[in-house]
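Good morning, everyone, and thank you for making time for this.

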Amino acid sequence: MIAAEGPPKPTADWERIGEGYYRKIQLYSDVFDEELELENYIIAGAPYGGALALVRDQDRVFAYRAGEAAKSSIAIYNCAGKLIRRINWDKGPVRGLGWSEDETLIVVSQDGTVRCYLNLSDDFTPFTLGHGAEEHGVVSCRFWMSGFVALLGNNQLVSVTHYNAPRPKLLATPPSEPISSWTVIPPAYTLSRSVEALLAIGQTINVVDTTDSEDRLLQNGPFRLVSVSPNGKFVALYTDDGKVWVVSSDFQEKLSEYDSRVKTPPKDMQWCGNDAVVLAWDDEVHLIGPNGAANKYYYDGWVHIIPDIDGVRIFTNEICEFLQKVPVKSENAFKLGSTSPSTVLLDAVEQYDKRSPKADDNLQFIKPRLIEAVDDCIEAAGHEFNIHWQKQLLKAASFGKTVLDLYDSDEFVEMSEILRILNAVRHYEIGLPLSYEQYRRLNPERLVQRLVSRQEYLLALRLSDYLRLPTDRIYVHWAVQKVRVSNEDEDTTCERIVSKLQGKPGISFYEIARAAQVEGRTRLATSLLNHEPRASKQVPLLLTMEEDTLALDKALLSGDTDLTLSVLLHLKAKLPLATFFRTINSRPVATALVEATSQQLDRPLLKDLYYQDDRRLDGANLLFLDALAHPDTASRLDFLRTAHKLAADIRDASVYARSIEDCQRLLRLQETLDADSSISRTTDPAIDATDTTTPATFTFTGLSLHQTIYHLVRLNHTKKALALRTDHKVSDVQFWHIRLRALIAARAWRDLQAIADNNKRSPIGWEIFFNEAIAAGNMRLAGVFVAKCTGLGVKQRAEMWEKCGMIGRAAEEAGKGREGEWLEGLRERVGGRDVIEVEKWLSVLAKGGK
């Protein structure tokens, strides 16, 4: 049950140690069963008031009790003694038991096996330490928030600095002498930003990091216990003669010394915050403050101490207590004889309740510091565990606010919310005794996650709604647990989950379905996936469950091409080819995607697809493309013959079949041309100076029809070109274009002159001959073609004569056409004797004009 409410006076549990006050708050009573012998267990507590892990200490002899499980296990409790989970353990003696900041349980076995148990469940991620851990064995471990160091049997130290991506790493080699005690300084508090191990060896302390092992040259050892303060600044050392030294972490300054006067060494030594050290014997606890001041506490049963960031939790079978230094604001508010503004304000509200005029006197006394008093009362309320004094402090703060003209109440409202949260999670049924400082460091999101891990879904939902936090993770975790433990049939379970989660924002049915699949409830997983809106989550899990057809349909429905392609590749690798084709044939989009990707990646698959579907024309096209891509003529002809055979069987593809047949004839002719030694296939640089498209040597095989004709004309085999033209029915326009380009490339000026002399008309006109001759630089030949361009206007012909450099002919053309204005412009563009020709025709026009 929950501990009884504190006494009326808040200072009743305070103890003065040196210059400061410490308090021991009873959190819970009747914590553990009396039959649970705590002395026989290794106990580790999670930070921020977290869970406790208990495992049998295999090095201790204990009596077997009837009813106890013979198999080793790890029990997880909350701080009120409620069993959360029991985890089976099968890896031998446990040599390290610790917690991470996010309440992940870390268990290290003697052979170096490490398991990280997530979210207080039996799901774990394993890894091994290596570095000889299996051979030499793990002796002990020291943990911090995000990592740990393991001491091996050969004195080697192995560090793991991150649990998410563990990379076990050897530290520097320490001395080989026996280690009497040791601890670590976390990387965040060292100058090197790497973990440092403090080893008590002989009379001194050795500091070991990743690169070096350094002797601090102390003389008062051996040290039975070593402990580092939470901020990494101080080190407590327990000597062999029962004394506690507190020194700086660089071992340069001794800060205090305390003599316990106890001959038996304590079983544990931990820091209580950063100002005090706690020693624990079987039933006795010493609290040592600054300058050696101390106080002693005695218990009826075996004691375990669990350090936290701002204090120490003390456990026996009967009680759970929290020992901490009294916060400054609480000390100011409640200390006997205090005259701080918060004390006066607290007294003022008490006087006001009594209807005493002293209330107003107190307010007037602290009025200059009233804002400070209100702020201190608000913060002091956060540090109180007793609800009565929380209310009194907030009441005092509210009373002070009413007197102030301007005051921002946000902090007051926020503290009221925080206290409602803290009181809810401190309840014995929840067992999270968070202090205000721990809550600030933990943050609300991680607190909700801790509640979810404990399956306290209702409280987690209420806190999330209260703090306006997302609730999707809570609902998903509830649904996953429902899948795991429900004994109802698949349909009923699915209906319950969907009805609960339908319409809730951010819900991922994928995670719930995956949990169902892991539990072997495949039909339930499939039903749940139907409610998952993201196909990228649905499809991979469906494939894992071998729901291949459904996965393909979901991928197609999503419109995600990459996702669909990944499913198709999976199906192709898994199914027989005939079954694969039957699967995609009823899905046109899938078939189209297979065709598109196979064009470049898997041509044999595409051929099989066309054959399976009796798509002869597509198969012929594919064979035709293969023929074009193949370098060997014989293979090309084989492909073309097969393609022609397919095309010939198609009723409406006669034109296509003839085209393939033409290709075969062209290939045979090209093969003949390549074998003809009378045809030189070496270009003449002197003739073909401008032909940059033809290599120095080439073969006819593989050229197109037009290219073949072009090269035959260029190489002066016009008769063969004409025969090829006739055989393949090349039109006059196409042939004249090809011949013109070939003759220009070959600089066959005589042949071009003969064409001009022997033909009155050209299917492609004579202007193109003129342009090609000009481009090739033959002005005289270009002039021949100007005379044949009878269909052009006077001005165009005159401009063509000008381009040829024949200014006289240009002037004559313009003069006869009475283009005086153009002649005037020509006179300005020319010089020398050409001007006389132009002026001559200008004078003729002038006379004719008169």
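In what order do the four strands of the open sheet lie? Keeping in mind that what we have here is a predicted model, the order is 11-12-13-14, and the pairing is antiparallel. Strand 11, residues 138-144, and strand 14, residues 169-170, stand at the edges with a single partner strand each, so one side of each has no neighbour in the sheet.

Let me turn now to the nonpolar cores. The largest of them has 91 residues, and those with the most contacts inside it are Leu345, Val425, Leu447, Ile512 and Leu528. If we leave aside residues up to four places away in sequence, leucine 447 touches Ile421, Val425, Leu432, Leu434, Tyr439, Leu442 and Leu463. There is also a second, separate core of 51 residues, and among its members are Val730, Leu781, Ala810 and Leu842.

Finally, I would like to look at a pair of helices. The axes of helix 27, residues 749-758, and helix 29, residues 779-788, come within 11 Å and cross at roughly 15 degrees, and because angles under 35 degrees count as roughly parallel, that is how the two helices are described. Their crossing is left-handed, and the contact involves Trp749, Leu752, Gln753 and Ala756 from helix 27, together with Arg780, Leu781, Val784, Phe785 and Lys788 from helix 29.

Definitions and conventions: Residues numbered from 1 in each chain as written. Predicted model: local features only at pLDDT ≥ 70, side-chain atom pairs only at ≥ 80, totals over all residues. Heavy atoms only, no water. Pairing = 2+ DSSP bridges. Core = buried A, V, L, I, M, F, W, Y, C linked by side-chain atoms within 4.5 Å. Buried < 20%, exposed > 50% of the residue type's maximum accessible area, 1.4 Å probe, protein only. Contact = heavy atoms within 4.5 Å. Axes fitted to C-alpha atoms, helices over the stretch in contact; angles between N-to-C directions. Parallel < 35°, antiparallel > 145°, perpendicular 65-115°, else oblique. Left-handed = near helix turned anticlockwise from the far one by under 90°.
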